[in-house]
Amino acid sequence: MKNNRPGVIVAHHGIAVDILFESGERQMVKVKRRSGHVVGDSVDVGEHGLTRVPRRTELCRRDSRGGIRIVGANLDVLGIVVSSLPVPPFGYVDQAIVAARQADLTPVLVINKGDLEGAERFIAGFKEIYQGAVDLFVVSAVTGAGLHDLESFLGKGGGLRSFFVGLTGVGKSSLLNAICPTLDLRIGELYEAGRRGCNTTTVSTLHSLPGGGELVDTPGFNEFGLVDISPRDLAGYFPGFERAMDHGLCRFRDCLHRTEPGCAVADGVESGRISNERYTTYLQILNLLEAGDARFKTRR
Ligand code: GDP
Ligand code: ZN
């Protein structure tokens, strides 16, 4: 094939994609509705259309009909955005961490609204649970505090490609706007717009960050389901749990860390090294996986 040009898909409009070439030039190319191309895909553009380069990673979510959709390709980082208002529901962060690690992405915790009165207690609680297990940034999209550290993390080593997830109201749009001036999301309206636009195609976009790195934005979703994890592997996706197992401290090699005697994870909970909340979340997900819960177990 001649004249093949390598590029990256930077926007998806449902029936067409925008491709950015190394020259900086952009081109819109029509695609079939279910062509399987997603934002972040590296492609070769030739006479016969697009050829996709195999993906390094793919981040999946479940759509409203229970199908699996790919949110973005070749991502490095999942930014899990939380705030003290609204406070994340039980297990939210750990589920997002599991989703990230399952997809080979590095999870990072972004605690937004650090400026809010009374946020200190919330932040301290989170630090106690997650510091050392995942990278953690305390920021404020409103005052700009902490954004510099987050931006330099995302710009590391030639730049990481990231995706941010967070419940409505945690300030995800504000945050993305603050670190990515080209984004221009309308704060507080995204959710409503997403609902009204149920039947129209969601546009995903990929943006370059001024401090290096890239950001994929897919409006209108904020939670992951888990996809096909064997109960045996689950603990390995919980940062801090696997440390206990690396040391081979559970009496039984196939320990599921439930009620087995001589369990290192249960010991970790007992001694306070593993938080009770995270252990309970683990047990809940474990039960669902074992029960073959439809939300949790589908094809990959
Ligand atoms: P999203 O639903 O997660 O995209 O949240 P938005 O970005 O729309 O923000 C929800 C509300 O939180 C808005 O009223 C924002 O002004 C406010 N907000 C966002 N970030 C911060 C922050 O860092 N500090 C404070 N105090 N409020 C914020
Ligand atoms: Zn165990």
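In the predicted model, the face of helix 8 turned away from its buried side carries Glu270 and Ser271, both of them exposed. The buried residues of helix 8, which spans residues 264-271, are Ala264, Val265, Gly268 and Val269. These four residues lie on the same side of helix 8, because they cover an arc of only 145° around the axis. Just after helix 8, Gly272 adopts a positive phi of about 90°.

The loop between helix 7 (241-246) and helix 8 contains His257. Although His257 is not a glycine, its phi is positive, at about 60°. His257 is classed as buried because its relative accessibility is 2%. A salt bridge joins the side chains of Arg258 and Glu290, with an N to O distance of 2.8 Å. Arg258 lies in the loop between helix 7 and helix 8, whereas Glu290 belongs to helix 9 (residues 276-290), so this pair ties together parts that are 32 residues apart in sequence. Arg258 is partly exposed, at 29% relative accessibility, and Glu290 is likewise partly exposed, at 41%.

In total, the structure holds 8 salt bridges. One of them pairs Arg5 with Glu25, with the closest N and O atoms 3.1 Å apart. Because Arg5 is located in strand 1 (residues 5-12) and Glu25 in the loop between strand 2 (16-21) and strand 3 (26-30), the contact ties together parts separated by 20 residues in sequence. Arg5 has a relative accessible area of 31% and is partly exposed. A salt bridge is also formed by the side chains of Arg56 and Asp76 (2.9 Å, N to O). This pair links distant parts of the chain, with Arg56 in the loop between strand 5 (49-52) and strand 6 and Asp76 in the loop between strand 7 and strand 8, 20 residues apart. Arg56 is exposed, with a relative accessible area of 54%, whereas Asp76 is buried, at 17% relative accessibility.

Most residues other than glycine have a negative phi, and most peptide bonds are trans. Asn74, which is not a glycine, has a positive phi of about 60°. Asn74 is situated in the loop between strand 7 and strand 8 and is buried, with a relative accessible area of 6%. The peptide bond from Leu85 to Pro86 is cis, with omega near 0°. Pro86 occurs in the loop between strand 8 (77-82) and helix 1 (92-102).

On the surface, a patch of positive charge is formed by Arg33, Arg34, Arg65 and Arg69. Of these, Arg65 lies in the loop between strand 6 (58-62) and strand 7 (68-73) and is exposed, at 75% relative accessibility.

Methods: Residues numbered from 1 in each chain as written. Chains lettered and ligands numbered in written order. Predicted model: local features only at pLDDT ≥ 70, side-chain atom pairs only at ≥ 80, totals over all residues. Heavy atoms only, no water. Patch = residues over 30% accessible without salt bridge, like charges linked within 9 Å, V, L, I, M, F, W, Y side chains within 5 Å. Areas by Shrake-Rupley, 256 points an atom, 1.4 Å probe, with all protein chains shown as cover. Salt bridge = Lys/Arg side-chain N within 4 Å of Asp/Glu carboxyl O. Lys, Arg positive; Asp, Glu negative; His and termini not counted. Charge placed at Lys NZ, Arg CZ, Asp CG, Glu CD. Helix = DSSP H or I, 4+ residues; strand = E, 2+ residues; numbered from the N terminus. Buried < 20%, exposed > 50% of the residue type's maximum accessible area, 1.4 Å probe, protein only. Arc of directions from axis to C-beta.
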